[in-house]
Structure formats: C-alpha cells, structure tokens
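Here are a few notes on this model, jotted down while going through it. Have a look at the structure first, then read on.

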Amino acid sequence: MKKKNIIILTVVVIIAFITLFILITGRARTDVYLKDYEISSDGKKMTLNIGVTNSSGYVRKMKRTSGSTNYYYTFYSTFGINSKIGAKDTFTIDIDENVDEIYFYTGDGGYKLVLQKDINDNWVRPSNCNYEFKEYLTLQDKKIFTICMDEVYLKENAKKITLKDYLKDNNDIEDFINKLEHYTTLNDGGTKIYKNDDITLIKCNTLDGNKDIYIGSNNLDTTEAFKKGMCGKKFINNTKFERIYKLNKIEIVKEIELDDKTINLYKLELSDELGNVTKIPVVYGVSLGLLVDENKFAHTLKEEYLHLLQEGNYYKFAFNNKYGELIKEDIKEIFEKCGITKIEIVK
C-alpha cells in the first residue's frame, strides 16, 4: 500500500512538473518583429519572416486573434529552455482583399502595426519611424547604419540575400551602390542619395570627412533623418530656440539715409562655445527689413538693445525659425536663416 502511494505521488509530481514546464515555456512572446515579407504573384498570400529581439528563445507557432477585419497575430515560444524543437521563423498567411493592416502582439493586450496598405493598395511598412540609427556593419573606413529596418536585402543571381552575405562573398559596397539609381547630390561636400524600388541609400561625403552609409525604406524622409544627425550632421528641430554667444566686437560700418533720417548699420562679431565666429549686420528701431547687400537683410533690434550690448559680455539670443527651414547647428547659418526675438545678458 505504501509503495502504491509513492508511485501515485511520483506520477502526480511528474505530471505537475510537465504541466508547469509547458505553461512556463510555451507562452506568448512579446518581442517578435517583422524581418521581411513577400507577397504572392496573385496577391492572395503573404510570407512573413520574423525574428525575436531577445537573445534566447524561439517561436513555434503564430495564432490570429478573431473579431477584426484586419489581422492581429500572437506568437508562441517553443517548449523547453531555449529549445529549437519545432522552431519556425517563416509563416505563410492568406490575405483577404478587405484586410488593410497587420499587427503583432506586444504584451498587456497591446499590438503593434507592422504592415499596412498604401493608397495604391501595396503592402508597406508603417511610416511612424522614429529615425533612430542602428549600426548594421562596419567596413574599413565607414559604418553602415539602417533606419527603421532590421535587415537589408537584395537579389543576386535570382536569389534574395542579405547585404551582409553579399559583402561576405568579397563583393564591394560600391558594386551594390552602383546597382541603385542616383537620386540627388547635396552641396555639403558630395553626399549622394540613391534609390530603388525597395530602399533609399545615403552615401555620406561631408566636408567634415564623414563617409558613413545609411539605408532606409524607399519612402524614407531624408530631411527627418538629417535632423536626427545622419552623416554626423547636427540640425535644430525647433522653430523657437535659444543659444548663448559672446559679443567680441560691435562697430558702426555704415550710415544709411532712410526716410529723411540717418540709420547706423552695426556689425556684431559673435562667437560660440567652440570658438566659431560670425559677423551679423544689425540696425536698431527700423520696422522694415533693411537690405545690406544682395539677398541679405540686417537684423532689426529694439532700440533698448543698443545700450544693453557691450563687448566682452555673454548674451542669450532667442530665435524664431519662422519658415521651419532645415538649419544646421552653425552660428552663421542660425543668424542667416532665423530672426532674433529677444536678447538677455548672461550674468
């Protein structure tokens, strides 16, 4: 009798352990992302290639949540600790013509949009990109970054391969770039932008010596990417902002007759914390912009600033980028493209 009880207890413990093991290791994953996707020629099927951000664990199945026209998917881990048994990273689904969006489960009842139809009914990744740069590969004299994409694919000998595999086969990055269409060249030293049906590639060549390469989707907003510091550039994102400069020198450079009165044209020599210097033309108390030379207007300041500004002092300048232009973090460009709204002495 005692031996029988021991056997029953052992069986119960084993069953409980197996049940607990399955419950713990077969749960829904919240770290699944879309690596790539492919649409069948008739548009009725889609192949999803997925990955997980966690360094351990695999996916065994994908389950669609019912109750919506669009597709919401939850992915489940394989059974076991980091087990590859039953692991899958590719799933083929049927696409109904009324489906416009596809979502992946992210935990706590939430889902993330991973694919959507554009105005032409083509499947594309969502455009809500935060323009963060992910280091993809390091070459001898440059780095390759991706923008809002995890992998870069190309077709080689009728096969779809990653850019990493392409370069491993002793192919040069320039060979890949030459297969793209040249879109435009910037006047920053020679940065070039290339495109094809799938990607946008930015080949940096700045005056500061930046040679890095950035790759994003075909509809990548390069202006937003530059604002985030692409090619090592620093841009000002706000329409209203403040900067502190030292006033090195102030002088009258010209007297101008305007409406039966004489207006003094001043030049302020200012420097930033890095020692960069610019000279800006300034007039006081004139309501209209005064053309100093071709296409260049003097900054109009309130008369009260005439006595406030003294050589050798530091001042906080408030600026207004009225037209929302793309402005580099450069003292000369700031004064050329922005208006001065306020000046305060820094004590």
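Where in the chain is C148 placed?

1. C148 sits in the loop that links strand 11 (143-147) to strand 12 (153-156). Bear in mind for this and every other point that we're looking at a predicted model. As a reminder, most residues other than glycine have a negative phi. On the cover side, C148 is partly exposed, because its relative accessibility is 36%, a value between the 20% and 50% cut-offs.

2. C231 also has a positive phi without being a glycine, with a value near 65°. This cysteine belongs to the loop between helix 4 (222-227) and strand 18 (235-236). Buried or exposed, then, for C231? Its relative accessibility is 3%, so C231 counts as buried; the cut-off for that label is under 20%.

3. Now for charge on the surface. E255, E257, D259 and D260 together form a negative patch. One of them, D260, lies in the loop with strand 19 (240-258) on one side and strand 20 (261-271) on the other. D260 counts as exposed because its relative accessibility is 84%, and exposed means over 50%.

4. There's a nonpolar patch too. Which residues make it? They are I244, Y314 and V346, and the patch covers about 260 Å² of surface. Y314 is in strand 24, which spans residues 314-320. With a relative accessible area of 42%, Y314 is labelled partly exposed, so Y314 also passes the over 30% limit used for patch members.

5. On secondary structure, the count for the protein chain is six helices and 26 strands.

6. Finally, some whole-chain numbers. The protein chain has 347 residues, and 36% of them count as buried. Its accessible surface comes to about 21700 Å², with 47% of that belonging to carbon and sulfur atoms. How much of the contact list links residues 24 or more positions apart? Taking contacts with a separation of 6 or more, such pairs account for 45% in the protein chain.

Terms used. Residues numbered from 1 in each chain as written. Predicted model: local features only at pLDDT ≥ 70, side-chain atom pairs only at ≥ 80, totals over all residues. Heavy atoms only, no water. Patch = residues over 30% accessible without salt bridge, like charges linked within 9 Å, V, L, I, M, F, W, Y side chains within 5 Å. Areas by Shrake-Rupley, 256 points an atom, 1.4 Å probe, with all protein chains shown as cover. Salt bridge = Lys/Arg side-chain N within 4 Å of Asp/Glu carboxyl O. Lys, Arg positive; Asp, Glu negative; His and termini not counted. Charge placed at Lys NZ, Arg CZ, Asp CG, Glu CD. Helix = DSSP H or I, 4+ residues; strand = E, 2+ residues; numbered from the N terminus. Buried < 20%, exposed > 50% of the residue type's maximum accessible area, 1.4 Å probe, protein only. Contact = heavy atoms within 4.5 Å.
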